[in-house]
There are 2 protein chains.
Amino acid sequence: MSSGGKGGGAKGGGGKKKEVKKETKLGMAYKKDDNFGEWYSEVVVNSEMIEYYDISGCYILRPWAMEIWELLKEFFDAEIKKLKLKPYYFPLFVTENVLQKEKDHIEGFAPEVAWVTKSGKSDLEAPIAIRPTTLWVKHSATILFRSREFLWQEGHTAFATKEEADEEVLQILELYRRIYEEFLAVPVSKGRKSEMEKFAGGLYTTSVEAFIPNTGRGIQGATSHCLGQNFAKMFDITYENEKGAREMIGVMVMTHGDDKGLVLPPRVAPIQVIVIPVPYKDADTTAIKGACESAVYTLNESGFRADLDTRENYSPGWKYSHWEMKGVPLRIEIGPKDLANKQVRIVRRDNGAKVDIPVANLVEEVKALLDEIQGNLLKTAKEKRDACIEVIHTWDEFTAALNNKRLILAPWCDEEEVEKDVKNRTKGDLGAAKTLCTPFDQPELPEGSVCFASGKPAKKWSFWGRSY
Amino acid sequence: MSSGGKGGGAKGGGGKKKEVKKETKLGMAYKKDDNFGEWYSEVVVNSEMIEYYDISGCYILRPWAMEIWELLKEFFDAEIKKLKLKPYYFPLFVTENVLQKEKDHIEGFAPEVAWVTKSGKSDLEAPIAIRPTTLWVKHSATILFRSREFLWQEGHTAFATKEEADEEVLQILELYRRIYEEFLAVPVSKGRKSEMEKFAGGLYTTSVEAFIPNTGRGIQGATSHCLGQNFAKMFDITYENEKGAREMIGVMVMTHGDDKGLVLPPRVAPIQVIVIPVPYKDADTTAIKGACESAVYTLNESGFRADLDTRENYSPGWKYSHWEMKGVPLRIEIGPKDLANKQVRIVRRDNGAKVDIPVANLVEEVKALLDEIQGNLLKTAKEKRDACIEVIHTWDEFTAALNNKRLILAPWCDEEEVEKDVKNRTKGDLGAAKTLCTPFDQPELPEGSVCFASGKPAKKWSFWGRSY
């Protein structure tokens, strides 16, 4: 048929369908613009990405999230290999002794360190810490790379000179930018963190920063640090990343999701095309099923990730809602009319547009549509983000922009005391404002520009705002 | 030249070379047949696979071990995908509450559970356990697969019927057999564990069992359990594996390693062919280096993992020893004579055989040699293992075979009390004997056969011995 409309079955319909809806909790109770927090929790659970758990801050990642992560990891691992980084595996446990060796590190992490004090029913002679981050650094020019848990990556590289270290810090940062922009379709700004916001004890920290228009908050997407010579006495040590699946995927959900649920960029969608048979009662169901199977086969053979939903205990409408909730970029519907006309109906998740295309053109049309969706998501997100950027020059403009949830670009004197002062003056329920980063891509700073907060000569443009 | 001989530079030679040797600890202090335990520790450290660490039982896996593991993982992940298993990620922490829900499980694991009781300097309200194994099982027919840490895999599958569960238990077991035999070249026996040795609370446990001739001990290579309905009340739950890189790679080291260090089967060798220039003083070093680079390039292009050791501060002899220690299957030496004759010298790690081959035949010769080494290692290991198998019928034969460090195949009544009794009667410094497995591949059991230990009618042939 191809005329069922998106989610019609689940959202309208008779008593029977309503029951199905209730039972399976299909459909979103919250709207993105009304209650962003609840909306987010609902999306990640209803799309079957995560399951909450009885320890705060811990949750189970389900296959829909894991498969997205694996697609990112595949790219990242291949690029890391090109940089000749080598994999290391470090034990989960670390002694107090080793922790104490790195005092700078400990100061930053001490409040978070989890201590194992008992094994079974016996007390341990000495408590053992769960490794908060890599503390082990090899004193040689060997290149190090470490992966503790499946979802973590963290890199450390030792170099003979600071120049080499600087170069790799930026190479890694560029990989993160590509993951965000080319895979997750999330625009980010590359830049350098302020002295207050950098990794404690390190020399400097670079980051990619995303921005969530709905909440007006910046979010640090990933970091690449130059640790200087503080952690290993003999060499420069460079980059590190503790972010993983959760943060990256979370930013993507917030950026593209809508009131129907998740919206996945094609490059990271575990299923890019879901094919749904739409048989009327007296239709030739065997032929329709055959046409669906053929479409899935053809697409998989051409390298797309396509799947078929032939479950008989769910209506087509329910399935539309289900796969929209899970964010699958394209839906193909095949009904009797489509069969007769040797066509399929394709529906886009990002904008709901529908198009009937001849079966003969399936592969090229799907390719074109997926490419367009991938590009469109980044373009739209970038436009929304850019519309939030506000260039300000004075304290009054700053506070007004902050109240309007803007991503603020301001001339700054780059003094730590001034950043502390801004934090103090903007304290409140929503949290204080801080620097997000000083973007590498600097607009021209006119001669005589002054800092918006201190009135002293401005040294650079920096992004300011509230953040996660 | 190609006449330096293996390790000549490092082991003999003048004062200067001796210094290098001392400084870098090249060469093995222990022999496999004299002191197996020390030899093993020396091999895994000297080959740069692991680094010991200040917590007992924990160590750092270095790239040489990690890259082997990644080759195994690549195979396993692809096969797991074919079985349509889906990845899940579970938090590291688990509450006492959840642990208590699975009493059978807890009894088995309680002595090992690590408890976190402090976060930073504060006591936690309730202690949190470090997940000993997956306790979370989904009550549906959904297929589960979980990977906690990078090196761990653990599978759980829920099925509607025991028959389906049985089938998958064996499919997974077969994957482990293939990892051991086809990749690590370690012969294993597939079989079923006794009631005493099975996974506590499960229905039955299958395993692949390896045997280390030097110590006369069996070692459980991997397990695939049918957990029955004890863990999830509604469904059969099936298989699980907590073994990882360490165990598999450890068994491989013990099986193939020799007094020169590690011996790697080609399929898991991070470097399959190491190319070493052997320039005499007045040789055309540029041309030799060029020939070496060309060989590496050609081999890499053909899909082999080849690398070049051009370090100038090490002698060719030192390099021979170094790469022998690391177990690289083939060494290619190129000196002035080789250059003149358009040949290279290839030296096998497994048997030390040397052959000069025309450069034009490089790819096909390397392919043939690597295949031969892979097959030869398994064949040799199988012959050694098989030579240790002793079929016995009486208690006297049993104790004699045990003292001779044999892998004992005995007719058994399959009674738990009898296994307990055997354990009691064989207690001692070396540890008691126990069943390793009842092999699926059963020899004929003649009518009237009796159990070697109890004299009751024998039901099956089982492997017995001491184990790790």
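Biologist: Which residues lie nearest the centre of the largest cavity?

Modeller: Among its 13 lining residues, B:E324, B:V328, B:R331, B:V347 and B:R349 lie nearest the centre. This is a predicted model, where local features need pLDDT of at least 70, side-chain atom pairs count only at pLDDT 80 or more, and totals for chains, interfaces and linings use all residues. Residues are numbered from 1 along each chain as written, chains are lettered from A in the order written, and side-chain values use heavy atoms, without hydrogens or water.

Biologist: What is a cavity here?

Modeller: On a 1 Å grid over the protein atoms alone, a cavity is a set of points where a 1.4 Å probe fits but cannot get out, and lining residues have an atom within 4 Å of a point. The largest has a volume of about 80 Å³.

Biologist: Which element gives the most to that lining?

Modeller: Helix α10(B), with three residues; β14 and β15 of chain B each supply at least two. Helices (H or I, at least four residues) and strands (E, at least two) are DSSP runs, numbered from the N terminus.

Biologist: How do I read the sheet, and what is its strand order?

Modeller: Two strands pair if DSSP finds at least two bridges between them. Here, five strands of chain B form an open sheet with mixed pairing, in the order β13-β12-β14-β15-β16. Its edge strands are β13 (306–308) and β16 (354–358) of chain B.

Biologist: In which sense do β15 and β16(B) pair?

Modeller: Antiparallel, over five bridges; for example, B:R345 has B:D356 of β16(B) as its bridge partner.

Definitions and conventions
1 Å grid on protein atoms, 1.4 Å probe; cavity = no way out; pocket = protein on both sides within 12 Å on 5 of 7 lines; lining within 4 Å. Points joined across faces, edges and corners; volume = space filled by probe spheres on them.
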